[in-house]
Amino acid sequence: VVNKYFRYCRKLKPNPGLCRLHQLSLRNALRYFPPALHSTLAPEFAQELRQYGHIYMYRFCPSIRMRAYPIDEYPCQIRHAAAIMHMIMNNLDPAVAQFPQELVTYGGNGQVFSNWAQFRLVLHYLSTMSEEQTLVMYSGHPLGLFPSLPSSPRCVITNGMVIPNYSSRESYEKMFALGITMYGQMTAGSYCYIGPQGIVHGTLVDEAPLKKRHEQGWLMEITKDLDHCMQRIRQAKRSKMALSLGYHGNIVDLWERLWEEYERTGDLLVDLGSDQTSLHNPFSGGYYPVQLSFEQANQLMNSDPQRFRTVVHESLRRHIAAINKLSEEGMYFWDYGNAFLLEAKRAGAEVQKSGGGATEFKYPSYVQHIMGDIFSLGFGPFRWVCTSGNPSDLAETDDIATSVLEEISASVTERVRQQYSDNIRWIREAGKHNMVVGSQARILYSDQRGRVSIALAINKAVADGRVTAPVVISRDHHDVSGTDSPFRETSNIYDGSAFCADMAVQNVIGDAFRGATWVSLHNGGGVGWGEVINGGFGLVLDGSEEAGKRARTMLNWDVSNGVARRCWSGNSNAYETIQLTMEDQPHLRVTMPYHVQDEHILYNALH
């Protein structure tokens with residue numbers, strides 16, 4: 001698998017500056033190897049740099065099948081290190097990862113590591129790690145094992161942490177080519193991606209990911225024929241049949257055809273519409289313009305990047321024009337949050353909201369209209385992975401989670417009970433539909449009380465032997481308090497602090513000293529480099545009393561941090577939620593806001 005994407009070094013014409021950059025890239029890569037090997041490796045690495053704009057060190061890609069092996073099969077001194085290995089291997093499983101040869105898990109460029117030497121070195125460090133060491137990761141590079149306490153995280157990860165003034169796309173391309181930083185997305189760089197249960201990524205015009213998701217059962221049908229596509233949509237609507245249909249083609253053609261169908265027949269075939277195109281990476285493979293074929297686009301982004309940028313913007317204007325026309329006739333459109341509306345605005349498309357703020361567009365983000373209030377209730381994507389690799393362990397944890405939520409749902413508010421009810425239904429059905437790809441993992445949405453209760457119940461099941469091996473708990477970074485992202489996760493923060501990142505940074509710091517097994521902090525996940533700061537964690541439930549204590553302490557903070565921030569910004573759901581949490585936890589004291597009751601006071605004071 002070769003890199004289809006244009007990289008920084010490829011767009012520079014030969015000049016002394018480029019020569020210095022190439023030399024620095026090579027020098028940086030050769031640091032991993034003793035001088036006796038440099039004369040052999042340097043030409044290979046130089047060729048990769050010329051061809052791909054980055055040194056992946058393909059010769060060191062292991063021949064072993066990449067998958068989440070049972071935890072006891074890893075040659076480690078401690079099980080917490082083996083659990084991290086389990087998660088890393090899962091993120092690079094070809095059934096899970098988008099471009100595993102490039103160490104890309106999802107989102108076009110969301111990497112686990114920057115090169116294969118880093119992969120090998122990290123696994124070596126993990127295999128020798130003791131309970132008094134912490135592995136420090138600098139944007140894919142293992143800085144080393146450092147002495148720490150048994151209570152400390154076993155791994156601390158940062159990705160893309162750069163000085164704010166240099167957090168631009170151009171700076172990223174240059175630094176990535178030099179091998180000194182990388183884009184960890186969200187759960188790719190924190191080793192916590194769990195396959196399409198987390199997100200069905202790869203919505204490109206590339207046929208390979210389409211076929212993969214069809215074979216795995218996430219798509220019921222696929223087609224290249226727009227006529228057939230329209231026919232199947234009509235049949236499904238008429239018979240009220242659930243249908244997941246993958247179209248192999250360009251989404252702009254599909255939107256425009258839907259408009260043509262409306263003009264011709266008066267039928268609005270789509271009631272709800274969204275778009276998951278990876279526009280955080282618009283000019284390096286995240287977006288394919290409708291004017292070009294897949295092959296033509298790949299060629300142009302390499303040969304003439306400025307022209308490619310122009311073509312992308314032209315395509316985005318067409319893209320939005322079709323959506324606008326359908327929306328005017330009654331389709332409800334919303335932004336998923338992968339920088340689609342943001343990049344469309346930069347392209348000159350008509351998405352501006354009249355009188356709107358910096359984070360508002362003509363169409364809502366689903367966070368603003370749906371997820372923001374759910375986050376403020378404390379609900380978010382809680383995950384666990386059974387490191388035994390045994391499906392029976394996953395089935396047991398499904399039953400545990402169902403029982404826990406059913407038990408506590410009797411003593412919660414009606415809004416919270418509705419969320420529990422939806423998730424109980426999901427978790428009961430998940431096992432029947434063969435949702436697992438890669439590791440034996442599950443995800444559901446839960447609030448603070450539910451997460452803690454499920455974690456403690458699973459930990460007890462490990463202690464009792466009902467679950468045969470440790471379980472890793474984590475979450476998507478797309479959550480209550482893990483991410484500061486003004487165009488997605490925090491797009492409904494209206495007190496002016498949407499562009500502040502204190503919450504995400506505090507989240508990671510707090511998780512680290514409250515017991516997380518590993519923590520991560522990233523620049524750029526989801527909506528693009530320089531647009532977001534996000535943090536994640538992993539915590540191993542090994543059945544010990546200590547693991548239960550860590551889960552209780554860390555998970556309570558992991559949720560309350562975000563709810564408290566959302567309360568302070570003015571969200572009524574969060575105000576109520578944090579008040580109830582303080583009643584339940586005597587040691588929790590949150591600064592509560594006083595709201596201005598009379599707006600005339602503000603006007604009179606200023607005039």
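This is a predicted model: local features need pLDDT of at least 70, side-chain atom pairs count only at pLDDT 80 or more; totals for chains, interfaces and linings use all residues.
Local features need pLDDT of at least 70, side-chain atom pairs count only at pLDDT 80 or more, and totals for chains, interfaces and linings use all residues. Residues are numbered from 1 along each chain as its sequence is written, and side-chain values use heavy atoms, with hydrogens and water left out.

Residues 66-192 are 28% helix and 18% strand, where helices are DSSP runs of H or I with at least four residues, strands are runs of E with at least two, and both are numbered from the N terminus. Residues 205-370 are 51% helix and 6% strand.

Next comes helix α17. Of its 25 residues, 19 are buried (under 20% relative accessible area, with a 1.4 Å probe and protein chains only), so α17 is largely enclosed by the rest of the structure. G570 follows α17 and has a positive phi, near 115°.

α17 (545-569) also supplies at least two residues to the lining of the second largest pocket, as do α14 (414-430), α15 (448-464) and α18 (572-584). On a 1 Å grid over the protein atoms alone, a pocket is an open set of points where a 1.4 Å probe fits, with protein on both sides within 12 Å along at least five of seven lines; lining residues have an atom within 4 Å of a point. Of the 25 lining residues, D447, R449, L580, T581 and D584 are the closest to the pocket's centre. The largest share of the lining, six residues, comes from α18.

Terms used: Buried means under 20% relative accessible area, exposed over 50%, partly exposed in between (1.4 Å probe, protein chains only).
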